[in-house]
Amino acid sequence: MAMDVDVRGSLLFYIDPTVEHVGVSKVRQLNASNLGKLKKMMVIQDNNTPLAVLLNYEQYLAMQGKLKEALETIHMLRSAPGVVEGLRDLKAGKLTPLEEVDPTLK
Amino acid sequence: MIDVSVEVVLTDRARADYNGIRDAAMHGIDSKTNQAPHLHFHRARSILRSLKDPGSVNLDQPMINNLSWMLSRSEGSTYVYYGRNTYTSTVVVIHLCEGTTDIYMLLAEIVFSGRTEILTALGIVPPPISRTCSITLQ
């Protein structure tokens with residue numbers, strides 16, 4: 001299984017290639033055509049002061065999805081005793097078809 | 001056309017969870033005031049039915065990183081945790097439970113409980129909590 005290794009916090013010289021710092025003038029050049037082709041997240045700055053962040057729709061949805069995954073995982077870990085017990089049953093092969101548990105769910 | 005049906009099986013724990021939810025709903029069937037057990041039962045059934053639908057895979061909510069094989073679906077405060085084997089078209093339901101629908105309330109609960117190791121494990125740095133109360137009652 002591939003493991004993500006996050007080096008951003010540990011390497012002071014790390015440059016994130018997915019982020020581009022641009023001036024406000026860059027925003028004026030954006031239109032429907034090139035907005036749809038955005039590959040990098042843009043940090044829009046004025047005199048080295050970050051003002052806004054621009055990213056494409058799919059990137060935003062991916063971020064939102066990751067946040068939801070993290071929050072759902074926290075939720076799952078809160079009910080961990082039940083989950084752990086269920087996993088033990090799974091390992092032991094203690095399984096019953098849904099139709100046997102409740103025939104009305106056939 | 002090939003009929004691809006999903007077989008849903010429940011672990012002993014999930015079966016006990018489901019039976020408990022059903023019993024609570026059946027015992028409270030005459031209750032005019034507390035509809036919660038009945039709603040919980042109705043939602044649990046709805047989710048279990050949806051798991052049998054092979055076209056509803058897009059509703060699977062994975063956990064993060066190494067736990068991404070664990071999936072969940074929720075309706076209101078009813079949560080169902082399960083795993084899916086796409087080769088055998090089988091869904092194994094691991095656990096059914098009730099939980100908070102307000103995820104930010106949940107985060108606040110964890111932070112204020114001081115048991116933030118879950119957040120740390122996920123790479124989330126919880127905010128420091130002031131030990132002195134800064135609220136002044138007027």
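Of the 138 residues in chain B, buried residues make up 26%, where buried means that 20 or more other C-beta atoms, placed from the backbone, lie within 10 Å of the residue's own. This is a predicted model, in which local features need pLDDT of at least 70 and side-chain atom pairs count only at pLDDT 80 or more, while totals for chains, interfaces and linings use all residues. Residues are numbered from 1 along each chain as its sequence is written, and chains are lettered from A in the order in which they are written.

**Chain B**
- Chain B holds 4 helices and 5 strands, which follow the order β-α-α-β-β-β-β-α-α from the N terminus on; helices (H or I, at least four residues) and strands (E, at least two) are DSSP runs, numbered from the N terminus.
- Among the contacts in chain B with a separation of 6 or more, 47% are between residues 24 or more positions apart, a contact being a pair whose C-beta atoms, placed from the backbone, lie within 7 Å.

**Domains of chain A**
- Chain A is assigned domain 1 (19-55) and domain 2 (59-95), with bounds that come from an automatic or database domain assignment.
- The C-alpha centres of these two domains of chain A lie 36 Å apart.

**Contact of chains A and B**
- The contact takes 26 residues from chain A and 33 residues from chain B.
- On the side of chain A that touches chain B, two or more residues each come from helix H3 (57-78), helix H4 (80-92), strand E4 (95-97) and helix H5 (98-101) of chain A, and H3(A) gives the largest share, 10 residues.
- E4(A) and strand E1 (residues 7-11) of chain B run antiparallel and are joined by 3 bridges, where pairing requires that DSSP finds at least two bridges between two strands.
- Within this pairing, Thr96(A) stands opposite Leu10(B) in E1(B).

Definitions and conventions:
Buried ≥ 20, exposed ≤ 12 C-beta atoms within 10 Å, placed from the backbone. Contact = placed C-beta atoms within 7 Å.
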